[in-house]
Amino acid sequence: MKSLLFPHNTALLLGGLLAALVWVGCDFFEKDGEAAGDLPGGITMMVDADEGATLTTEGGIIATIEPGDLPEDTEVSMVPVAVEDSDGRNIAGVRFEPDGMILDSPIVVSFPLSAGWDATNEPFVLEFKGSDRRRAVNTFAYARVVGSSNNRRAEVLVSHFSGVVCASNCHAGTIQQVLANFEGRGCSQSEALERVRDNFPGVEIPSGGCNINGASNVETVQAFLDTYFIDVGGYDANQPIPSTTLNGIIDAVEDGRQVVVAFKPGTWGQRSGANNFYPTSALEFAHSAPLVVQNGEVQIRNTLAGTDQALRDALGGDNVVYYPARQLNTFRNLQAGVAVELAVCGAPDCLSDPSRNEFGLDNYHPVDGQSYAGRAWSDPWTYLFSQGAWSGIPPRSRPWTAVRIYVERTDATDNPCDPPEGDTFNANIDLPGYTATFDVNFLLAGLGSVDNEPGFPVILVSSDPGGLFTRGDYMQIGFPKNLTDGATYTLSIDGPDEGDPVAFFSTPQIKDEDSGIPTAFASTSGTITLEEAGTQPGERLRGTMIANLEGKQTQIIDGEEEQIPLSGQVTATFDVELRGSGMTMPVQVAIKAGRSMKNQR
């Protein structure tokens, strides 16, 4: 039997089938049980290779074999397989015979999905060798969802008969890890999830972490992260994460603040829509993992989607794979399965052949694949219909090349369901084009860094209920390290490391017309008077601010882009407690943006 793995793109090819199992939900991956048995309703027929055939089970699973797909006339069996679990989340499964046959061209197998299935909720694929579905491991490939809302199907391309599992990617490992941390800080799972529902009433937030009715799990995980975490930035493929950022998130974890990294291939999309989410296709938010302290080191905690007990035993008895967070740039460029191989037997490709590891495991196909006439590989569906017949196994993909970083808002000692009270921020904003009332829905104060130097007090405040800084008004105030009670400081764009406070502001009401991105404003003059001048966690910043702001809005005038200067003023009063040091990235980005504006002036 040859395993199969394909890179994912807009539509993704899934592995071949000895047993094709489509599961929706993720509790299956946390359980052990007996291998599923055959069910009635299967079909066996002799298929003429030159004519092809359509096989359909009584449950509506369809295999379409086109002329030329089979290498020779073959008796093909498609047998339904029991896939029940205690939660009833699995929907269908089949196994194909003859075992191990490599096809001359892939066949299409489609599975019925439940009514109302979200078209963006593409099932992902696991594979297993032999007939035991418990040996399934993730291939990082996805099915294609087709059809109307009440008649959707998951289509799978099959290039050879081997074992396949389809499952909904619900990010349960990430959510459950975060919720477990919340429990230890006095915030129950039910209370934490209810707060997410309050923030995002249109998003399905299941109690168990996984949607079992086809709703978008990508919406669920984004709603969860946007409620409790700050999105501090994303890095596309071939864009390294700076060492300063890596150091910042590692420091945050060591200080007790939770950090989650999200992955996808290629390039991050833009936030949009009513909830201001990133694209909600499963392919656009393919994986997430928390950072944890393990064996005295901050590491990426990856939950292995699979139930192979022998593989779990080789990992020490659990389905978790750790990788050093300082090597995140290396991790995101690993080929599929290599992180598991490094954890089990220390080298890429060591789990593709039982002779290459002490456990006798062969869960993955070779890293470099198996030749298929030297043809280029991109989107397998496009390849199939434009290039014609092929056979073989492509190299393992690199499915996580783009990464996005989320840092918890709440200090490690605080209850995230009941943030500390007493912080206040009130502001009046006078800018041309701004007609809203600055209604504070998110407020956080802490210590940030400027040009790699830590310890600068900062206030982040937003009118966005989720605190995303992208769909609401956003203000940031940075202070120098040395402050004195009762003193008055002059605002400037030079920045805190030059001894001056600085303020930044943006609003969706004032956008650059070429990009649609909110115009950035920075303080060029003004004053801040501090009644309390805290500079350490637990101390308070209390005072008043009058900030004169300037910005340049890109406008389209007579078809040409022009930079139009805009200016205004913000007056504010504030009384906040400094919460810690997990705010390095947003502060550093803002300071650099301000200096860029200064240089343009």
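1. The side chains of R271 and D231 are joined by a polar contact of 3.0 Å, and a second one, of 3.1 Å, links the side chains of R271 and D226. (A polar contact is a pair of N or O atoms within 3.5 Å; within protein, one must be able to donate a hydrogen and the other to accept it, and residues adjacent in sequence count only if both atoms are side-chain atoms.) R271 sits in the loop between β14 and β15, and because its relative accessibility is 14%, R271 counts as buried. Buried is under 20% relative accessible area, exposed over 50%, and partly exposed in between, with a 1.4 Å probe and protein chains only.

2. A word on the ground rules: this is a predicted model, in which local features need pLDDT of at least 70 and side-chain atom pairs count only at pLDDT 80 or more, while totals for chains, interfaces and linings use all residues. Residues are numbered from 1 along each chain as its sequence is written, and side-chain values use heavy atoms, with hydrogens and water left out.

3. For the overall picture, the chain has nine helices and 27 strands. Helices (H or I, at least four residues) and strands (E, at least two) are DSSP runs, numbered from the N terminus. Of the 601 residues, 57% count as buried.

4. The sheet around β13 is open and has six strands in the order β13-β18-β14-β15-β16-β17, with antiparallel pairing; two strands pair if DSSP finds at least two bridges between them. β13 (229-235) and β17 (320-324) are at the edges with a single partner strand each, so one side of each has no neighbour in the sheet. On average, neighbouring strands here are turned by 30° against each other, direction ignored. Six bridges pair β13 with β18 (residues 402-408) in the antiparallel sense, and G233 stands opposite I405 in β18.

5. Helix α3 (residues 217-228) packs on this sheet and touches β13, β14 (259-264), β15 (287-294) and β18; the direction of α3 makes about 115° with that of β13. Contact means heavy atoms within 4.5 Å. Axes are lines fitted to C-alpha atoms, for helices over the stretch in contact, and angles run from 0 to 180 degrees between N-to-C directions.

6. V218 lies in α3 and, because its relative accessibility is 4%, V218 counts as buried. Leaving aside neighbours within four places in sequence, V218 is in contact with P279, T280, S281, A282 and F285. V218 and H171 are 47 residues apart in sequence and 8.0 Å apart in space, C-alpha to C-alpha.

7. How do α2 and α3 pack, in angle and axis distance? The angle is about 95° and the axes are 9 Å apart, which makes α2 roughly perpendicular to α3 (65 to 115 degrees; under 35 is roughly parallel, over 145 roughly antiparallel and the rest oblique). E191, A192, L193, R195, V196 and N199 of α2 meet A223, F224, T227 and Y228 of α3 in this contact.

8. Within α2 (residues 189-199), the buried residues are A192, L193 and V196. They cover an arc of only 95° around the axis, so they lie on the same side of α2; the arc is that of the directions from the helix axis to the C-beta atoms. The exposed residues S190 and D198 are on the face of α2 turned away from its buried side.
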